[in-house]
Amino acid sequence: VTSQISVDALALWLALEVGHLDILVNNAGVMPDGGLMLRRMKMTMINEVLATNTTAPIRVTQTLMPLLLKSRQPRVVNVSSALGQMAGMGAGTPAYRISKAALNAATAVFAAEMAGTAVKINACCPGWVATDMGGTDAPRSKQEGADTAVWLATLPADGPSGGFFQDRKPIAW
């Protein structure tokens with residue numbers, strides 16, 4: 001997702017094989033900065049996190065938007081994090097926090113731009129999930145973590161757009 005060439009190849013394949021795209025879930029993410037402080041982080045690490053967690057979902061959404069617009073009920077779900085909430089912003093994992101806050105902003109901007117179309121664009125926080133990133137101590141199963149993303153991906157035509165959700169409920173940005 002950090003390579004425009006790769007994303008373009010996906011778009012071409014989808015266009016030729018399917019002709020449209022119904023659901024896009026931007027779920028790629030990295031969090032290599034646990035325990036680090038922003039005042040001491042190398043810019044290379046910050047840029048790498050932003051490239052995967054923020055720029056890539058924007059790139060993928062931009063590139064695939066023409067195919068989404070060919071769908072009857074296109075949905076975009078950006079997998080974010082409570083660590084990106086401005087309402088509770090704090091220290092720790094700074095690049096990850098910044099990248100997810102920026103992803104939340106991109107979600108709101110895309111949704112505003114697509115108002116008046118069938119495209120619904122939302123962000124979700126899966127919570128602390130037992131994955132490679134979350135670790136084995138995480139209290140949520142993969143199924144629990146995926147529930148809100150699946151719900152957002154299958155919203156009806158009158159469903160929300162431009163929101164941030166956890167457990168199928170709106171949460172503060």
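**Sheet, helix packing and nonpolar cores**

Helix α3 (residues 94-113) lies across β2 (75-79), β3 (120-124) and β4 and runs at about 160 degrees to β3; axes are lines fitted to C-alpha atoms, for helices over the stretch in contact, with angles from 0 to 180 degrees between N-to-C directions, and contact means heavy atoms within 4.5 Å. Helices (H or I, at least four residues) and strands (E, at least two) are DSSP runs numbered from the N terminus. The model is predicted, with pLDDT of at least 70 required for local features and 80 or more for side-chain atom pairs, while totals for chains, interfaces and linings use all residues. Residues are numbered from 1 along each chain as its sequence is written, and side-chain values use heavy atoms, with hydrogens and water left out.

The five strands form an open sheet of mixed pairing in the order β1-β2-β3-β4-β5, where two strands pair if DSSP finds at least two bridges between them. Two antiparallel bridges join β4 (residues 164-166) to β5; Phe165 has Pro170 in β5 as its bridge partner.

A nonpolar core is a set of buried (under 20% relative accessible area, 1.4 Å probe, protein chains only) Ala, Val, Leu, Ile, Met, Phe, Trp, Tyr and Cys residues joined through side-chain atoms within 4.5 Å. The largest has 16 residues, and Leu21, Leu24, Leu64, Met65, Leu68 and Ile121 have the most contacts inside it. Helices α1 (4-17), α2 (43-68) and α3 each supply at least two of its residues, with α2 giving the most, five. Another core, of eight residues, lies apart from it and includes Cys124, Ala153, Leu155 and Phe165.

Methods: Buried < 20%, exposed > 50% of the residue type's maximum accessible area, 1.4 Å probe, protein only.
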